[in-house]
Amino acid sequence: MAHDDGIHAAVTCGDCPIRHRAVCARCEGDEIEELEQIKYFRSFEAGQTVIWAGDRMDFVASLISGVATLTQTLEDGRTQMVGLLLPSDFFGRPGRGVAAYNVIATTDIVMCCFRRKPFEEMMERTPHIAQRLLQMTLDELDAAREWMLLLGRKTAREKIASLLSIIARRDASVKRQEAKGRMAFELPLTREAMADYLGLTLETVSRQMSQLKREGVIELEGKRRVIIPDMDVLMTEAGDDSDGGFLV
């Protein structure tokens, strides 16, 4: 069950680790104080559902930590993963009171939530929020187009290299580091989740990850830690030099 997270309740907007990328990135002074009045924290454990498509959604939120998936379910029960939410991503749509996707926690997550109606009212009189949300929405549109290319035209090896580069770049961005040279991050997805997201079999994902490791493109420590000796080499393996869109 989701719960308000008292541990995080003391975190202010000024202390927030994702604020420089979040929907409130351009807010200052009175705007931040007003956001403080309408926000609350929620946390979910890995595997829990945040919201089902079609359910009433009385909040919008920024993901502070962890990873969640966006999925859609067809009438015959088949489920398609259509997106990932990584730290600083915003979900929920002002003006829409119903969730468009299932949102499921892939890892333990913490969200900074805003009550939807007060947030909508604040948007009307706060250009900083409206402008930032527009920018994030346009970035998401670009990313969707990039992802169509990845799923439709790239090889299995390129898909996996692209996904790794996307996660590495987001990790660097949240930490305010440059995405170049040697990098290391915790892979937030299981091999099964990677297979689902990329439209590959589990065996293909494992085989390609092993091959990238064998050729020195990546290094693996334990179950989840990935080291990239040279980001440029990984980007070459991804088949382009794009940043992968909305995950970055």
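Here is a short chat about a few strands and helices in this predicted model.

Visitor: Which residue in β6 stands opposite threonine 71?
Guide: Start with the strands: β5 covers residues 68–73 and β6 covers residues 79–85, and they pair in the antiparallel sense over 6 bridges. Across that pairing, the residue in β6 opposite threonine 71 is methionine 81.

Visitor: And which glycine in the turn of that hairpin has a positive phi?
Guide: β5 and β6 form a hairpin, with 5 residues between them. In that turn, the residue with a positive phi, about 95°, is glycine 77.

Visitor: Now the open sheet of 3 strands: which ones stand at the edges?
Guide: The order is β10-β12-β11, with antiparallel pairing. Two of these strands have a single partner each, so one side of each is left without a neighbour in the sheet. Those edge strands are β10 (183–186) and β11 (219–221).

Visitor: What is the bridge partner of phenylalanine 185 in β12?
Guide: β10 and β12 (residues 225–228) pair in the antiparallel sense, over 4 bridges. Phenylalanine 185 has its bridge partner in β12, and that's valine 226.

Visitor: At what angle does helix α4 run to β10?
Guide: Helix α4 takes in residues 156–174 and lies across both β10 and β12. Its angle to β10 is about 95°.

Conventions:
Residues are numbered from 1 along each chain as its sequence is written. This is a predicted model: local features need pLDDT of at least 70, side-chain atom pairs count only at pLDDT 80 or more; totals for chains, interfaces and linings use all residues. Side-chain values use heavy atoms; hydrogens and water are left out. Two strands pair if DSSP finds at least two bridges between them. Helices (H or I, at least four residues) and strands (E, at least two) are DSSP runs, numbered from the N terminus. Contact means heavy atoms within 4.5 Å. Axes are lines fitted to C-alpha atoms, for helices over the stretch in contact, and angles run from 0 to 180 degrees between N-to-C directions.
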